[in-house]
Amino acid sequence: MSSRSAAPLEQPAAGLPAALDGSTGRRSSRRRSRRRAELPQRLSATAVLWLLAVVYGFPVLWFVLSSFKPAGELFSYPLTLLPEDPTTAGYVQAWTQFDFYRYFGNTLLVAVITTVLTVMASAAAGYALAKYRSWWLSAFAVCVIATTMLPTEVILSPSFLVVRDLGLYNSLAGVIVPSILTATGVFMFRQFFTTVPDDLLEAARIDGSGELSTFVRIMLPIARPIIITLAIFSFQWRWNDYIWPLIVLNDPDQYTLQIALQGIVGAENVNWSVLLGASVISMAPLVVLYLVFQKHVMSADMNAGLKD
Amino acid sequence: MARTDAPPAGATAAAPTGPRGPRRGRSRGKAVYVGAPLVLIATNSVMFVLFFVWPAVIGLWYSFTSYTGVGEARFVGLANYSALLADDAFYAALTRTLLFTALVVPLTYVLALLAAVLLSSPYTRGTGVARVIFFVPWLISPIVSGVIWRWLFGENFGLVNFVITSLGGSAVPWQSDGDLSLMVVVFAATWGGTAFSMLLFIAALKSVPVSYYEAASLDGAGSWHKFRYITLPGIAPTSFIVILLGTIGAMKEYALIQALNNGGPGSENNLLVQYIYRTGFERAQIGYASAASFVLMVILMAVAFAQLLLNRRREGQR
């Protein structure tokens, strides 16, 4: 290859693709000096990785550190990275005066109940799709896929009218019930149960186990990893959900964290001290959950299209 | 991936002669079970009818009426749709949404792939910690992401402008300039969307056979060539999914922009969903908002269909 045409291509990407493929020699003559060539590549690839990590991590770091500054220090130039006089006043004020203990409780209630119901409904439907054959099951599968094409955001007003007509308006049940069906959950379970040998089901049948009791006693326990993964994802979706609670809930006593936060953001004069504390409070549970169950999130079967 | 993979999978599964079908008449045995699967899909079927079919049907009906949420829904034919086509605010929201999507999707794609490549590379150190750092934005809700970036890019109080002015520059109007304001939203959306695509890419990179790289090395292929001719084709199906999901997600963006600048300055950065929300809930023009909803739906479906076709054609060429 002529070096003239290769140079502009290799220049910007030198460290990365080299790092990608596990080889170093760009030309055969360089293969001998492989050992020595590794060090600069290791350094440049690691440097790029950490530069990127700093860019991604910094906004959160700055935000969390700012939340420990007293209200007077937040806007006083020159800004400092570390709070000079650390305080949790913003947190206390958000939790007590701004009723965040209540929003936190509402959100926890919604997220936990929805997650339990979603996991149960998805496991059952996914199992049915994996282990039974009939034309109406195929039709059901197509219907579930269709829900991803027409999300709530798109049919806001009609969805609102349906919830109102069902008498679910302004209640936490109105947030919970419509969120139970998720295509992602159904297909995660379908994919998993497809890999479970049919022989297991046949054996249970021969032993005289009923279909539903086979599902509950044998199939659900072996689906534990999927149950945990979907539970984490569902909890995250519901905890962070904004638009659906926004249109269903009207009474401030029923508000979830995200709506309450937006209430502070949308105010004429944003109370940054409270907003920073409240925001950190709202994201803490998910960070803890993630750190505990990191393996389940990272090894999740991403083929199931985990996005809702 | 379920979205695109599932229909063919479901179709083959439903075919009367499955791989085990002819043997010992097992397929006939399976057809006996009706009650159990019915019970198993009951909950989700009810949910589907209540919160999907019902809203979709009345939404379609209301889009032909001048319904306002109370009283009679008066049939107006295609009046809502023709009014929509002449509505400057709708066009402004539509073009702004398309611009936003055109910026966020490629940026997220590049950064997610870069992060995935670096995390999977044998040359990088500290990948465990870096992975957690990349993943935290995914945990943070769109509302809080909006707040974080608003805090960072505040015009009079943000760190970014503080650094710029400290270095001798003049404060940048991140909030009062419409285009700059959109750029901040683009940064925030990219930042929040990277982790998910990155996870998909990491899984895809693992599945590219190592022997391809070894063979290419023996032939003296350069790193860029290996990346271009082995890695990229190897992860093409994942690229397709990342771009498709990213496009649909960006077209529906609402909460993030709501917290970051509330579609401002003014109404300059109102995106489609915000336009629909304002029309439907703040002005109670439910019929008109429903018409806008269906236009958005048609766009989403067209995007998905076009990308599917493009993907098919490219696969066919190989």
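Trainee: The bend at a residue is the angle between axes fitted to the seven residues ending there and the seven starting there. With that in mind, where is the kink in H3(B) centred?

Mentor: The kink in H3(B) is centred on B:Ala42 and amounts to about 50°. Please keep in mind that this is a predicted model.

Trainee: What span should the 28 residues of H3(B) have?

Mentor: At 1.5 Å a residue they should span 40 Å, and the end C-alpha atoms of H3(B) are 37 Å apart, which agrees.

Trainee: Which residues of H3(B) are buried?

Mentor: Among them are B:Leu40, B:Ile41, B:Asn44, B:Met47, B:Phe51 and B:Phe52. The buried set also includes B:Pro55, B:Ile58 and B:Tyr62.

Trainee: Turning to the contact, how many residues does each of chain A and chain B put in?

Mentor: Chain A supplies 97 residues and chain B supplies 94. On the side of chain B that touches chain A, helix H3 (residues 35–62) gives the most, with 19 residues. That side of chain B has 70 nonpolar, 19 polar and five charged residues.

Trainee: What ipTM does the predictor give the complex?

Mentor: The ipTM is 0.82, and the pTM is 0.83.

Trainee: And what is the mean pLDDT of chain B?

Mentor: The mean is 84, with 89% of the residues of chain B at 70 or more. By element, helix H5 (residues 88–120) of chain B has the highest mean pLDDT, 94, whereas helix H1 (residues 2–14) of chain B has the lowest, 37. Over residues 1–31 of chain B the pLDDT is below 50, although this stretch has 36 contacts in the model beyond near neighbours in sequence. Where pLDDT is low, the predicted coordinates should not be read in detail.

Trainee: How many helices and strands does chain B have?

Mentor: Chain B has 15 helices and zero strands. Of its 318 residues, 45% count as buried.

Trainee: Which domains does the assignment give for chain B?

Mentor: Domain 1 covers 22–62 and domain 2 covers 79–317. The centres of these two domains of chain B, taken over C-alpha atoms, are 35 Å apart.

Trainee: One more topic: what is phi of B:Asn262 near?

Mentor: Phi of B:Asn262 is near 55°, a positive value in a residue other than glycine. B:Asn262 sits in the loop between helix H13 (255–260) and helix H14 (272–282) of chain B.

How values were computed
Residues are numbered from 1 along each chain as its sequence is written. Chains are lettered from A and ligands numbered from 1 in the order in which they are written. This is a predicted model: local features need pLDDT of at least 70, side-chain atom pairs count only at pLDDT 80 or more; totals for chains, interfaces and linings use all residues. Two residues are in contact if their C-beta atoms, placed from the backbone, lie within 7 Å. Helices (H or I, at least four residues) and strands (E, at least two) are DSSP runs, numbered from the N terminus. Ala, Val, Leu, Ile, Met, Phe, Trp, Tyr, Cys and Pro count as nonpolar, Asp, Glu, Lys and Arg as charged, and the others, Gly among them, as polar. The expected span of a helix is 1.5 Å times one less than its number of residues. A residue is buried if 20 or more other C-beta atoms lie within 10 Å of its own, exposed if 12 or fewer, and partly exposed in between; C-beta atoms are placed from the backbone. Domain bounds come from an automatic or database domain assignment. pLDDT is the predictor's confidence in each residue, from 0 to 100.
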